[in-house]
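Have the structure open as you read.

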Amino acid sequence: MSSRSETCNDGIRISFEFFPPKSEEAEQQLWNTVADLSDWEPEFVSVTYGAGGSTKAPTLSAVRKMIHETPFTTASHLTCVGATREDTHRVIDEFLAAGVRRFVALRGDPPGGVGSAYQPHPGGYANAAELVAALRERGDFDISVSAYPEKHPESRDTAADIDMLKRKAENGADRALTQFFFDNDAFERYHDRARAAGIKIPIVPGIMPIQNLTQLKRFAGACGTSIPSWLDERFDGLDEAVEERARVAADVAAEQIQDLMRRGIDEFHLYTMNRSALVSAVLERLGLQRKVDARAGAAA
Ligand code: FAD
């Protein structure tokens, strides 16, 4: 990676990931979060899509509302696992009718969950690279794909992961968004190997501000993200200390981003978990200005 000589927040680009709400309360929380985070003017936001189409209706409804009622440039995630090509194209048609022109194209986890044996649908797309090619044939969309700095749990090795990322890039992906990670050295090694393999698309680190360490460890175990011992140490003894825990969580994510910036990265995808306070605290620590603050500053 190229190196930067100073910690500089100018020119940093951010995107936010949300998931579709499953209840009225969750719906209210999502839209409150969206309203709060819109002041940060992300490059784009994305809404996840349950593998096998399990969240098709709520994902569609959320992306439609984001496209038509918020200032966000919005991407919909899309998976192809367990679907025929025709099924996948019917879903793409529904997203296009809702105004979607950006996709995060994914294979998706097998029905048994991460790590269970994956069988491509006999009449479907076998992996995300094939889905990217199909989307490219359909139109001039902006397409993001996944990347795994610590290797996808199903992969033989990192080389297999890099091969798959290369196929996705060659088939027309515009950028890769990574699985969340806390080991910046692992990201840098992966990034360097991808560049050495001729992959030129941006590889955007996925940053997970830690809302709940116990829950995060469950996710991390399932998706192959390592939890460094220093993370446990930072949160040690804070189970009951809500405010201190939130402060540490914001510090940890901001420090991770600042370290990646020193390594030459200026684009970050934040997993919001549909909550705004911690994400905003991270961005404040980076010295980013909310749109309203920037306007007030200019008027002063
Ligand atoms: P691919 O890119 O096709 O493959 C991923 C890796 O797995 C490859 O690099 C390859 O090395 C390995 N691999 C794949 N198939 C095989 C095989 N048959 N044998 C051996 N190795 C194999 N999931 C959702 O359900 N909905 C979402 O909205 C969603 N959003 C995500 C967003 C991001 C940024 C990321 C990083 C992941 C997301 N996921 C989502 C999770 C993703 O669907 C799973 O990780 C899934 O298991 C793989 O999908 P993929 O598109 O990464 O697969």
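This is a predicted model: local features need pLDDT of at least 70, side-chain atom pairs count only at pLDDT 80 or more; totals for chains, interfaces and linings use all residues.

**Finding the cavities**
- Rolling a probe the size of a water molecule over the atoms shows where empty space is left.
- How many cavities of 30 Å³ or more are there? The count comes to 2.

**The largest cavity**
- The largest cavity holds about 40 Å³ of space.
- Its lining includes Tyr148, Pro149, Glu150 and Lys151.
- Gln179, Phe180 and Phe181 also line the largest cavity.
- Cys223, Gly224 and Thr225 are on the lining list too.
- Sorted by class, this lining has 5 nonpolar, 3 polar and 2 charged residues.

**The second largest cavity**
- About 30 Å³ of space lies in the second largest cavity.
- Arg13, Ile14, Ser15, Glu43, Phe44, Arg175, Leu177, Val204, Glu267 and Phe268 form its lining.
- Strand 1 (13-18), strand 6 (175-180) and strand 8 (267-271) each give two or more residues to this lining.
- Which element gives the largest share of the lining of the second largest cavity? Strand 1 does, with 3 residues.
- By class, the lining of the second largest cavity has 5 nonpolar, 1 polar and 4 charged residues.

**Helix 6: length and sides**
- Helix 6 covers residues 184-196, which is 13 residues.
- At 1.5 Å a residue, helix 6 should span 18 Å. Its end C-alpha atoms are 18 Å apart, so the two values agree.
- An α-helix has 3.6 residues a turn, so residues three or four places apart point the same way.
- Which residues of helix 6 are buried? They are Asn184, Ala186, Phe187, Tyr190, His191 and Ala194.
- Why do these residues count as lying on the same side of helix 6? Because they cover an arc of only 155° around the axis.
- Arg189 and Ala196 are exposed on the other side of helix 6.
- The buried residues of helix 6 pack against strand 5 (142-147), strand 6 and strand 7 (203-207), as well as helix 5 (158-170) and helix 9 (242-262).

**Helix 10: burial and what follows**
- Helix 10 spans residues 277-285.
- Its buried residues include Leu278, Val279 and Ser280. Ala281, Val282 and Leu283 are buried as well.
- Strand 1, helix 1 (24-37), helix 9 and strand 8 are among the elements that cover the buried residues of helix 10.
- Just after helix 10 comes glycine 287, with a positive phi of about 85°.

Technical notes: Residues are numbered from 1 along each chain as its sequence is written. Side-chain values use heavy atoms; hydrogens and water are left out. On a 1 Å grid over the protein atoms alone, a cavity is a set of points where a 1.4 Å probe fits but cannot get out, and a pocket is an open set with protein on both sides within 12 Å along at least five of seven lines; lining residues have an atom within 4 Å of a point. Grid points are joined across faces, edges and corners, and a volume is the space filled by probe spheres set on the points. Ala, Val, Leu, Ile, Met, Phe, Trp, Tyr, Cys and Pro count as nonpolar, Asp, Glu, Lys and Arg as charged, and the others, Gly among them, as polar. Helices (H or I, at least four residues) and strands (E, at least two) are DSSP runs, numbered from the N terminus. The expected span of a helix is 1.5 Å times one less than its number of residues. Buried means under 20% relative accessible area, exposed over 50%, partly exposed in between (1.4 Å probe, protein chains only). The arc is that of the directions from the helix axis to the C-beta atoms. Contact means heavy atoms within 4.5 Å.
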